[in-house]
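Please read the explanation below with the sequence and the 3D view side by side. It goes from one contact to the next and ends with the arrangement of the chains.

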Protein chains: 2
Amino acid sequence: MNIKKFSEVTNLTTYTIRYYEKMGLLKNISRNNSGHRWFTEKDIVWIAFIKRLKDTGMPLEEILQYAELREQGNSTSEQRMQMLQEHALKLEENITEQQLNLEKLQQKITYYSEVIKLQ
Amino acid sequence: MNIKKFSEVTNLTTYTIRYYEKMGLLKNISRNNSGHRWFTEKDIVWIAFIKRLKDTGMPLEEILQYAELREQGNSTSEQRMQMLQEHALKLEENITEQQLNLEKLQQKITYYSEVIKLQ
DNA sequence: ACTTGACTTAGAGTTAACTCTAAGTTGTAG
DNA sequence: CTACAACTTAGAGTTAACTCTAAGTCAAGT
């Protein structure tokens, strides 16, 4: 598919897609015979994974490191696994923290509803 | 306490504290007789709340709106409660999403450990 | 009196992650 | 064969949230 279609499928703007390619997150994107990018299923899967890492708070620079290890093939599996393990641990901690934050907010909301009742 | 001490207590740099004041998040900070800011317990509590909103993904602009309602006194309690309710809802959704993300990452880690075992 | 160090201000600089512009090329429809 | 839309590139501009600089004031210690 062309970049327009890919941008619809991935929900990224064409700007962002080219930016990701320029910074090295997307490699070996094939081109059709008029020099335009041609994206495939594999690219969709890879972008989905990038988005998951990003949405869970991994900075693009770190995702780039992962991408570069991936580029080097199977010999880097262990390093990549380790990156994911560390990230998953941070994520777990973050979820716990957010659950506490949510509780505190709900307490404050309850407090507000008491105050409003008395007005 | 002076800004140095306040920065230690709140874990914000003095730059950030002045920035928050300049943008309107901190109002009516008192001054000592040489014109230096003088922070109190109330300011610590308020900063802690700002940080909670920020850490749960609320942009400073929105926190500023909240701060301005707060400034206007009790008549805005209902609006503030509504802001918090909407925010808490988003946070709840986000936590659910992150839990799914964590599961997916853990699946990937499991997959990696299988691959590595076979190498 | 003078140095030192913490404070003050306005405003400039930085960083991450986009987002856009300008100038040019290519493929298809009329 | 010409208009037009979609693509290409390099590089500039934007936004949020800081982060720092420069130039100055002030209080305490020697």
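In chain B, Glu21(B) and Arg31(B) form a salt bridge, with 3.9 Å between the closest N and O atoms. Glu21(B) belongs to helix H2 (residues 14-23) and Arg31(B) to strand S1 (residues 30-31) of chain B, so the pair ties together parts that are 10 residues apart in sequence. A salt bridge here is a side-chain nitrogen of Lys or Arg within 4 Å of a carboxyl oxygen of Asp or Glu. Helices (H or I, at least four residues) and strands (E, at least two) are DSSP runs, numbered from the N terminus. Arg31(B) counts as partly exposed because its relative accessibility is 44%. For such labels, buried means under 20% relative accessible area, exposed means over 50%, and partly exposed is in between (1.4 Å probe, protein chains only).

The model is predicted: local features need pLDDT of at least 70 and side-chain atom pairs count only at pLDDT 80 or more, while totals for chains, interfaces and linings use all residues. Residues are numbered from 1 along each chain as its sequence is written, chains are lettered from A and ligands numbered from 1 in the order in which they are written, and side-chain values use heavy atoms, with hydrogens and water left out.

Over all chains, the structure holds six salt bridges. In the salt bridge between Glu21(A) and Arg37(A), the closest N and O atoms are 2.5 Å apart. Here helix H2 of chain A, which holds Glu21(A), is linked to strand S2 (residues 37-38) of chain A, which holds Arg37(A), and the two residues are 16 residues apart. Both Glu21(A) and Arg37(A) are buried.

Next come two backbone angles. Most residues other than glycine have a negative phi. Asn28(A) is not a glycine, yet its phi is positive, at about 55°. Asn28(A) sits in the loop between H2 and S1 of chain A, and it counts as exposed because its relative accessibility is 67%. In chain B, Asn11(B) also is not a glycine and has a positive phi, of about 65°. The loop between helix H1 (3-10) and H2 of chain B contains Asn11(B), which is exposed at 65% relative accessibility.

Helix H5 of chain A (residues 77-117) includes Met81(A), a buried residue with a relative accessible area of 13%. Pro59(A) is in the loop between helix H3 (41-55) and helix H4 (60-71) of chain A and is partly exposed, at 44% relative accessibility. The C-alpha atoms of Pro59(A) and Val115(A) are 42 Å apart, and the two residues are 56 residues apart along the chain.

In helix H5 of chain B lies Leu84(B), which is buried, with a relative accessible area of 0%. Leu84(B) and Leu53(B) are 31 residues apart in sequence, and their C-alpha atoms are 9.1 Å apart.

On the surface, Asp55(A), Glu92(B), Glu93(B) and Glu97(B) gather in a patch of negative charge. Patches are made of residues with over 30% relative accessible area and no salt bridge, like charges being joined within 9 Å. Which element gives the most to the negative patch? Helix H5 (residues 77-117) of chain B does, with three residues. Glu93(B), in helix H5 of chain B, is exposed, with 52% relative accessibility.

Finally, the two chains can be compared. Chain B is superposed on chain A by a rotation of 180° with 0.0 Å of shift along its axis, at an RMSD of 0.0 Å. That is the relation of a two-fold axis. Copies are superposed by least squares on the C-alpha atoms of residues with pLDDT of at least 70 in both. Of the residues of chain B, Ile95(B) comes closest to the rotation axis, with its C-alpha at 3.2 Å.

Note on methods. Patch = residues over 30% accessible without salt bridge, like charges linked within 9 Å, V, L, I, M, F, W, Y side chains within 5 Å. Areas by Shrake-Rupley, 256 points an atom, 1.4 Å probe, with all protein chains shown as cover. Lys, Arg positive; Asp, Glu negative; His and termini not counted. Charge placed at Lys NZ, Arg CZ, Asp CG, Glu CD.
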